[in-house]
Amino acid sequence: MTFIYPTDSNKAHPLPLSPEYKSSIKRAPNKPLIPMRHTLSELTGPVYGHETVREGDNDLTRQHASEPLGERIIVHGHVRDEDGRGVPNSLVEIWQANSCGRYVHVRDQHPAPLDPNFTGAGRTVSDAAGYYRFVSIKPGAYPWGNHHNAWRPAHIHLSVFGHSFVTRLVTQMYFPNDPLFPFDPIFNSVPDEKARARMVSSFDLENTQPEWALCYRFDIVLRGKNATPMENH
Amino acid sequence: MQGNEKDKGITPSQTVGPFFKYGLTPTGDYAWNDAFINSTLTPDVTGDRVRIEGRVFDGDGVVVPDVMLEIWQADAQGRFADPQDKRALPNASFRGFARCGTDKDGNYSFDTIKPGVVPDPDGKPQAPHIVLAVFGRGMLRHLYTRIYFSDEAGNAADPVLALVPADRRATLTAVREAGKPVYRLDLRLQGDNETVFFDM
């Protein structure tokens, strides 16, 4: 057994070079990636985060003096591997634009209001079953310079570690039925339609809170291990 | 349970974007607490303390001010702070993980210790190395590479370096500055001296 995490799973990812996404043209490697067997260095990974997660870090609406403007949302789901096992104790970090589609970042200067009550960053740790939950504000679409009339669909960035360095994932959660999907080269950089659909959250009426917040469910699926046990232990 | 029971594949990767800085690498610039800094050093850590620094360039040789780098490594005895590694961990608070965003001139740096020898799947020793992941705008999935050390005799027999054409191995080798515990390694995302990235 050469690969313990099957590399076939990687076919769900975008190719490094996606010319429609212009920033990839000068930043994607030209030379082929070199295949290698996973060693302990790749099969282990940072599986903690508890000590850096503070009370309330998963509620982006309570980080400032008042509540941010916009549509309050709950985002929740499970971190699992592709064999269906929950991934416990995994640090999940998120960052996003405010309800007007503006980031607090110094380089985001598009003429939409900044919200003094919204930074747009959060983190949490998945529980024993791999479950995570955030409270936030639905981010707005925003313009970018990729092509004429380019707007990103509303999205939340997520960073997840899993249980090895090869399961490390940074992705974006999109919202159902966004009219901007067909025009977004980042969303469409994922060639497989089913794989693209896995980046779209589901509206979750069952967990929507009456007169308080809409709920979206987003399950995150990381690479799964083959049954082959680890060697050299 | 509904939603993502759509099929069994994994969630695809997307770019970290240009605006991760306030969420992932704030270092005091924004009203958000740091989860990680560019150092693995803890009070109890043993081993040779080193600094690794360099710059990141794109295919035009232009510095890249908006990438994020993450390192993961064993301690000086070759042990990982991971539940899968059942060996004793004398450096109890050493984690072996650090994160750094490049500055406006494309500079990065890490303060860490030189890792020990880690076996490959056949039990063969690997030369001391650090695993590095590169995230950034324009990168739809992060890239994996390794950092080796120029003053390690074991590099010549390292099984992973052996997979790399000889004329490209220098892109993985951080060069020690004379008389200082500082190693330099520039990363080139594309072009003639493109850094070797691994498919794993």
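Which residues make a nonpolar surface patch of about 280 Å²? They are Phe203(A), Leu205(A) and Leu214(A). This is a predicted model, in which local features need pLDDT of at least 70, side-chain atom pairs count only at pLDDT 80 or more, and totals for chains, interfaces and linings use all residues. Residues are numbered from 1 along each chain as its sequence is written, chains are lettered from A and ligands numbered from 1 in the order in which they are written, and side-chain values use heavy atoms, with hydrogens and water left out. Chain B and chain A bury about 8,100 Å² between them.

**Interface of chains A and B**

- The size of an interface is often given as the accessible area lost when the parts come together.
- Here, 55% of the buried area of about 8,100 Å² is on carbon and sulfur atoms. Buried area is the accessible area (1.4 Å probe) that two parts lose on being put together, summed over both.
- In chain B, Ile10(B), Gln14(B) and Met200(B) lose the most area to chain A. Together they account for 10% of what that side buries.
- Chain A brings 98 residues to the contact, and chain B brings 86 residues. Contact means heavy atoms within 4.5 Å.
- Eight salt bridges are found across the interface of chain B and chain A. A salt bridge is a side-chain nitrogen of Lys or Arg within 4 Å of a carboxyl oxygen of Asp or Glu.
- Arg37(A) forms a salt bridge with Asp120(B), with the closest N and O atoms 3.6 Å apart.
- Glu42(A) forms a salt bridge with Arg146(B), where the closest N and O atoms are 2.7 Å apart. Glu42(A) lies in helix 1 (residues 40-43) of chain A and Arg146(B) in strand 8 (residues 143-149) of chain B, so the pair joins two chains. Helices (H or I, at least four residues) and strands (E, at least two) are DSSP runs, numbered from the N terminus.
- Both Glu42(A) and Arg146(B) are buried. Buried means under 20% relative accessible area, exposed over 50%, and partly exposed in between (1.4 Å probe, protein chains only).

**Salt bridges within chain B**

- Over all chains, the whole structure holds 30 salt bridges.
- Asp151(B) and Lys114(B) meet through their side chains in a salt bridge of 3.0 Å, N to O. The pair links distant parts of the chain, 37 residues apart. Asp151(B) is in the loop between strand 8 and strand 9 (173-176) of chain B. Lys114(B) is in the loop between strand 4 (107-113) and strand 5 (118-119) of chain B.
- Asp151(B) is partly exposed, at 36% relative accessible area, whereas Lys114(B) is buried, at 10%.
- Arg184(B) and Asp186(B) also form a salt bridge, at 3.7 Å, N to O. Salt bridges that share partners join Arg51(B), Glu53(B), Asp111(B), Arg184(B) and Asp186(B) into one network.
- Arg184(B) is partly exposed, with a relative accessible area of 31%. Asp186(B) is partly exposed, with 25%.

**The nonpolar patch**

- Leu214(A), one of the patch residues, is found in strand 11 (residues 214-217) of chain A.
- Leu214(A) counts as partly exposed, at 31% relative accessibility.
- Patches are made of residues with over 30% relative accessible area and no salt bridge; like charges are joined within 9 Å, nonpolar side chains (Val, Leu, Ile, Met, Phe, Trp, Tyr) within 5 Å.

**Around Thr46(B)**

- Thr46(B) lies in the segment before strand 1 (49-57) of chain B. Its relative accessibility is 38%, so Thr46(B) counts as partly exposed.
- Leaving aside neighbours within four places in sequence, Thr46(B) is in contact with Ala76(B), Gln77(B), Asn91(B) and Ile113(B).
- The C-alpha atoms of Thr46(B) and Pro90(B) are separated by 8.8 Å, and the two residues are 44 apart along the chain.

**Positive phi in chain A**

- Asn149(A) has phi near 60°, a positive value in a residue other than glycine. Asn149(A) is in the loop between strand 6 (142-144) and strand 7 (150-152) of chain A. At 57% relative accessibility, Asn149(A) counts as exposed.
- Asn177(A) has phi near 60° too, again a positive value in a residue other than glycine. Asn177(A) sits in the loop between strand 9 (169-174) and helix 2 (193-197) of chain A. Asn177(A) counts as exposed, at 74% relative accessibility.

Methods
Accessible areas come from the Shrake-Rupley method with a 1.4 Å probe; for residues, only the protein chains shown count as cover.
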